[in-house]
Amino acid sequence: MSNINSAQYVLFKLNDEYYGIDISKVKTIEKIQNFTRVPNAPNYVKGVINLRGEVVPVIDLRKRFNLPNKNDYSNSRIIIVTVNDIDVGLIVDSSSEVLQLTAENLDNPPHVEGNVTEDFIKHIGKDGERLIMILDIEKVLGIKTNIEES
Amino acid sequence: MDVNQYLEIFIEEAKEHLQNMNENLLNLEKNPDDMELINEIFRVAHTLKGMAGTMGFEKVQSLTHQMENLLDEIRSSKIEINVDIIDTLFECFDVLEEYITSISISGEEGNIDSSGLVNRLNALLGNSKNEEVNEEQNEENFDDQIRDLEDHVINILSKAKEDGYKAYSIKIRLDENCMLKSARAFILFNKLEAISEIIKSEPSVEDIEDEKFDFEISLIVLTKEEKSLIEKEINSVSEIEKVEVAEINIGKIIKDQKESLGKKEGNKAFVKKNKSKTPSTTTNIKKKKNNIVGKTVRVDIDRLDNLMNLVSELIIIKTRMEDIGDDSKRQNMNEAIEYLERITTNLHDAVMKVRMVPIERVFNRFPRMVRDLSKELGKKVNLEMTGKETEVDRTVIDEIGDPLVHLIRNSIDHGIESPDERNKLGKDETGTLKLKAYPDGNHVVIEVEDDGRGIDIEKVRKKAIERGIVSEDRAKDLPKEEIIEFLFEAGFSTANEISDVSGRGVGLDVVKTKIESIGGIIETKTESNKGTKFSIRIPLTLAIIQALLIKLKEEIYAIPLSSIKEISTINSEKIRKVQNQEVILFRNKTLPIIRLNRIVGIEDNINKKELVIVIVKKGEKEAGLIVDELIGQQEIVIKSLGKFLSGIKHIAGATILGNGSISLILDVNSLL
């Protein structure tokens, strides 16, 4: 699916860097709300929320990417993504933009040790001066591989 | 033509027809001479052929066509039925079932090859008689129809003749792609009734209205009009493949009738003739009765789930209003809430009932399975099923099939002895396998009972020691009941030889896990040489349960009421440690203590002296769960945590509380 000439991405910010998720995977974007902690779950699972009658698990992307914790989550957003019919929420610092990127604006990620496990990044997108890390959301959620490291 | 929208209906109906065919085949095996069964199977094969043809499934079509030919020969006594034929029919059924399964998965028939079977059917037919036979048959039927006219019809005919009417016999064949057959037939009838009077219709008008016919309709009409006009009128209706109109020579029929009367000793012969006819009409009636099914509507399961969700929401809101009502203490409010409660309870019951399906759905596949298995293992088994009509929730139905299959296999493979052995033991050569279901309060009990050799306790004991499940010393003194429990341990199998049927080492432990995962329990009773009985007790539904809400620090958790024995308080100083396990002497019994806060990862509250414990049970096992605070009992709607969080330890699911927050449901079974 990576060779589509042009695709739209939902952009969000995490630790002052830009990330993108394929818009077709995104269901809604929600304001932060109360979580119910789930004991014995992987540490990056923040908990579950009540999304209009459905129980949806929420992942703290900062924890997932081993980024420093944030003190104030009040401005954070939850991006609800649907992967293989599974709904999962992702906590991000902010999200307000949808961006169209063509294939020539997408590069393969460099094989260098970064501050984010590079496996999670499918492409690097260029939008003027901004660099956008396009996430491989299946890998982030560990849904396809089913290998969870905590 | 876009047939996809009909695919679901096709699959549903095909499955029903196959089920019907399966039952009739099994009965036929027992009563090979029952022509009614042959007729029924023929009818099913024919219907399937028509349906498959409409949908363009050629393999199904050709196979059923060949089955139809064979059955027709049997029906007309040209071929004698034998074991070989029945076996072949069973194989045809299997292949058909595979086709339908494949269609339901991929929308295509798949590449199962049935040409071998078709050839075998052909071989059974003797020579390859084909289409022509069918044609002939049709012609014969045509004459038959006129010949077999009932007396009252003949009376009407003779009267009509006097009044100058002509009688026509009309055969109409609807296009096989015709989707709304009964509607089409209705239009047809309307047209004909405008110009003529329909005095006989085969199939009957009721059957046509209910779509209980294939594509052919035979009519006898009276009219003063010409044949060509009738043909023209019929042909003006679309989706009609073939029309045949023939004038009936009324005079000749009446003469024939009279002749047959005269020839055969007057009235007696007439009575006889009537008599010979009576059986066929009664069987017809019988068949019709069989076809009467309760008035049902097919509903997509998703829609039901949606309805169920809405009811769940209503229950949540109701609970929320109860909370508000408590605060405001206004009389009217309380009354309204009580009323609301009554309605939601009723609505809940009603929706639950809609979701209930008879356990028959699961049981239906067993007769065939038992037949095949007993043949394969050279055993004689008689399957007795009772309580097929017992209803359970759809969610439960999906879960209990596999465990039951396993228990039945187990009983036939390990329980019931070979005919020789049974003879020696002075038992009836044929073993009996009883499958019984009955409701018991909010639960359903299913029993699988055989009259075989029973479980060899000593063998199990030995094996358990061998497998290192229990030490030799301990095993010596264990009572029978506890020894049997070893059967449900992982990796335990008593069969000396690994057979294809069961005893592959994955077995009863899987059954037990599955049953427990849906909140059920399994019990075993066995007596040497008398037999074994497995009893499964499962809840009627998995969707809504009564639960006790408790608090651990600030978090609220739900414990299913069904697993709670009692609630009590204990003094923290009385807790003792035995082999690293905290216990307390409670009602003169040692009760293991589980600190729930540790299970969910919350630090201990050391200062508390008086502790609240919730005593939970699983079978015979009990334990006391220490909680911080009790909130109360509530009806909760179980929601899954979803695939992403599946397999989280000690958590069975989640529920949404009245204030909209989520509380997790503890999996008590996993704690004990």
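Reader: How many residues does the contact take from chain A and from chain B?
Author: This is a predicted model. In it, chain A puts 16 residues into the contact and chain B puts in 22 residues.

Reader: Which elements give two or more residues to the side of chain A that touches chain B?
Author: Strand 4 (45-51), strand 5 (54-60) and strand 7 (86-92) of chain A. Strand 4 of chain A gives the most, with three residues.

Reader: And by class, what does that side of chain A have?
Author: The side of chain A that touches chain B has 10 nonpolar residues, five polar and one charged.

Reader: Switching to the fold. How many helices and strands are in chain A?
Author: Two helices and 11 strands. Starting from the N terminus, the order in chain A is β-β-β-β-β-α-β-β-β-β-β-β-α.

Reader: What share of chain A counts as buried?
Author: Chain A has 150 residues, and 36% of them count as buried. Among contacts in chain A with a separation of 6 or more, 55% join residues 24 or more positions apart.

Reader: Now confidence. What does chain A average in pLDDT?
Author: The average is 83, and 86% of the residues in chain A score at least 70. Confidence is highest in strand 6 (residues 77-83) of chain A, at 93, and lowest in strand 9 (residues 106-107) of chain A, at a mean of 84.

Reader: Where in chain A is the pLDDT below 50?
Author: Over residues 145-150 of chain A. That stretch has six contacts in the model beyond near neighbours in sequence. Where pLDDT is low, predicted coordinates should not be read in detail.

Conventions. Residues numbered from 1 in each chain as written. Chains lettered and ligands numbered in written order. Predicted model: local features only at pLDDT ≥ 70, side-chain atom pairs only at ≥ 80, totals over all residues. Contact = placed C-beta atoms within 7 Å. Helix = DSSP H or I, 4+ residues; strand = E, 2+ residues; numbered from the N terminus. Nonpolar A, V, L, I, M, F, W, Y, C, P; charged D, E, K, R; others polar. pLDDT = per-residue confidence, 0-100. Buried ≥ 20, exposed ≤ 12 C-beta atoms within 10 Å, placed from the backbone.
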